[in-house]
Every structure is written in structure tokens, then in C-alpha cells.
Amino acid sequence: MTTIIPVRITIRDSFVLILLIIFNTIHVTDMANNNMDIQKKEGKLKEDSTDKNFNFNGNDDYLKSCPVVDREVPECVSLNYPCITCERSIDCLYGSLYNYTCFVKPKIVCNGSKTFNRSAVCRFCYQTDKWEHRCDQKANCNSLASPTKYYLTNCTVSDDIICLGKRRFLKKIRCSWTAGTRWGTALILALTLGGFGADRFYLGHWQEGIGKLFSFGGLGVWTLVDALLIGIHHLGPADGSLYI
């Protein structure tokens, strides 16, 4: 015969039991979160290990001017800055021919090996060709002036070029910039609405535009003259920029 012994659970025992249940729940949750963090870190490490041994600083601005779609895919060795980056940690001797290694940046689509060698003659950075460096453009000069105007600006050698001296230097370049004014639009306005000064207003010559408006295009003579000047590119935007 089985004897049932009654068990008395006090309020204090119930409170302790509830605390134990809560503690175990928190502990299990923490362990699950830690496991998830470890898995994320391991996945990140695996992802990082698949990259080249090159630091691209997470900047994807270069993708705007580099091939990233599977059409008209170029050869990897034909790519230039900013689609590639090269090892330039070599001491070159002026006038000598040197070989160096270049890497295609991530997400760039090209045919062939994404690691290749290039050779170049060692020279000073200011002696690099126009396509080998980029210069800061200034928009405060008259591109239509005669004789042609030049200005000093800072130029920086591209990352895939090896050279001696400072990679940023001053260079005198021709004043040539555009504000987006279209030659075709100006010519059409001169031929259609030139009598109302629309072409002058479009080019930013407000005073002449008002004069043409109230004189009905100089009774047609001014209209024909402006159309001819715009047609031969003699009359341009008032800010001194070039047509596009």
C-alpha cells in the first residue's frame, strides 16, 4: 500500500522557484545570442578572406566609371584607374623600366586574370601624360577668350602609375569648362525665338536679351546676326563656359 506524503510549498519556495526559472531562461537566451554572434563573425571572416590582399577602404565610387555588367566586357589588363589599383612600393631609378603588379577592384567585370603585371618607364610625376593624372577644374575663367587663357591648378597622378617625387603637383592647363549650355538649343532659339531675345536670355546675356525683346530683334537684323554668331561658335554663354 502506497502512502502519499503531502508536500507543503511555502510562498518563499514558490518565489525561489520562479527566480530559478527566470535565471535559466535568461541564461539560455544569452547562450543563443552568443552563438549567433560567433556565427556572424565567422561568416564575416570567411567573407573577408575571399578578398584580395588589398585594402580598398570600402569606397565604391569607382563603379560609376568601371564595367560592372556582362556586356562588352573588356580585358582585365586593359583597365586603367580607377578600376584598378597597383603596388607602387618600389624605388625606381629615373629612366629605367620597371615591372609592377596591379589588381582589379572588387565588383568589376572583365575577362582574364584580375591580377596582372605592367611595365613603365620611371620618370617624375609632373612628367606623366595627360591621361595619367587628373586635375582640379576651375570655373572662374573665360574659355572663349582670345588668346586662349591658362590657369594653375593641382593635379594628382592616378593610383596605377609609378613615378618619382610628389604625386600631387601644380600644372598650367587651358581654361576649358562647361556649365551644361547646349549649342544646338541656343541655335534653335536664335532661329525661332531670336526676335524676342530668347537666345540671349538662354546664354545669360540678359541686357542684350531685353534690348532684342523691345526692339523686336533689331527689326530682324539683330536676330540674323546672333544666329550667325552662335552658328560659328563666336557667341557663347555669358559665364565664359563652353557649349556641350
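Mentor: Gladly. Asp199, Arg200, Lys212 and Asp226 are linked in a network of salt bridges. This is a predicted model, where local features need pLDDT of at least 70 and side-chain atom pairs count only at pLDDT 80 or more, while totals for chains, interfaces and linings use all residues. Residues are numbered from 1 along each chain as its sequence is written, and side-chain values use heavy atoms, with hydrogens and water left out.

Trainee: What makes the contact between aspartate 226 and arginine 200 a salt bridge?

Mentor: A salt bridge needs a side-chain nitrogen of Lys or Arg within 4 Å of a carboxyl oxygen of Asp or Glu. The N to O distance for aspartate 226 and arginine 200 is 2.9 Å, so the pair qualifies. Aspartate 226 is in helix H6 (residues 221-231) and arginine 200 in helix H3, 26 residues apart. Helices here are DSSP runs of H or I with at least four residues, strands are runs of E with at least two, and both are numbered from the N terminus.

Trainee: And what joins lysine 212 to aspartate 226?

Mentor: Their side chains also meet in a salt bridge, at 3.0 Å from N to O. That pair links helix H4 (residues 206-214), which holds lysine 212, with helix H6, 14 residues apart.

Trainee: Why is lysine 212 called buried?

Mentor: Buried means under 20% relative accessible area, exposed means over 50%, and partly exposed lies in between (1.4 Å probe, protein chains only). Lysine 212 has 0%, so the label is buried. Aspartate 226 is buried too, with a relative accessible area of 0%. Aspartate 199, in helix H3, also counts as buried at 0%.

Trainee: Which residues does aspartate 199 touch?

Mentor: Not counting residues up to four places away in sequence, its contacts include Ala186, Leu189, Lys212, Asp226 and Ile230. Contact means heavy atoms within 4.5 Å.

Trainee: Why is arginine 168 called partly exposed?

Mentor: Its relative accessible area is 43%, which falls between the limits for buried and exposed, so it is partly exposed. Arginine 168 forms a salt bridge with aspartate 136 (3.1 Å, N to O). Arginine 168 lies in strand S6 (residues 168-174) and aspartate 136 in the loop between strand S4 (133-135) and strand S5 (150-157), so the pair ties together parts that are 32 residues apart in sequence. Aspartate 136, at 37%, is partly exposed as well.

Trainee: What makes a group of residues a nonpolar core?

Mentor: The members are buried Ala, Val, Leu, Ile, Met, Phe, Trp, Tyr and Cys residues, joined through side-chain atoms within 4.5 Å. The largest such core has 15 residues, and Leu79, Ile84, Tyr100, Cys102, Val104, Ile108 and Phe116 touch the most other members. Strand S1 (84-86), strand S2 (97-104) and strand S3 (115-121) each supply at least two residues of this core, and S2 gives the largest share, 3 residues. A second, separate core of 8 residues includes Leu187, Ala227, Ile230 and Tyr243.

Trainee: How do you know how confident the predictor is in the chain?

Mentor: Look at pLDDT, the predictor's confidence in each residue, from 0 to 100. The chain's mean is 76, and 73% of its residues reach 70 or more.
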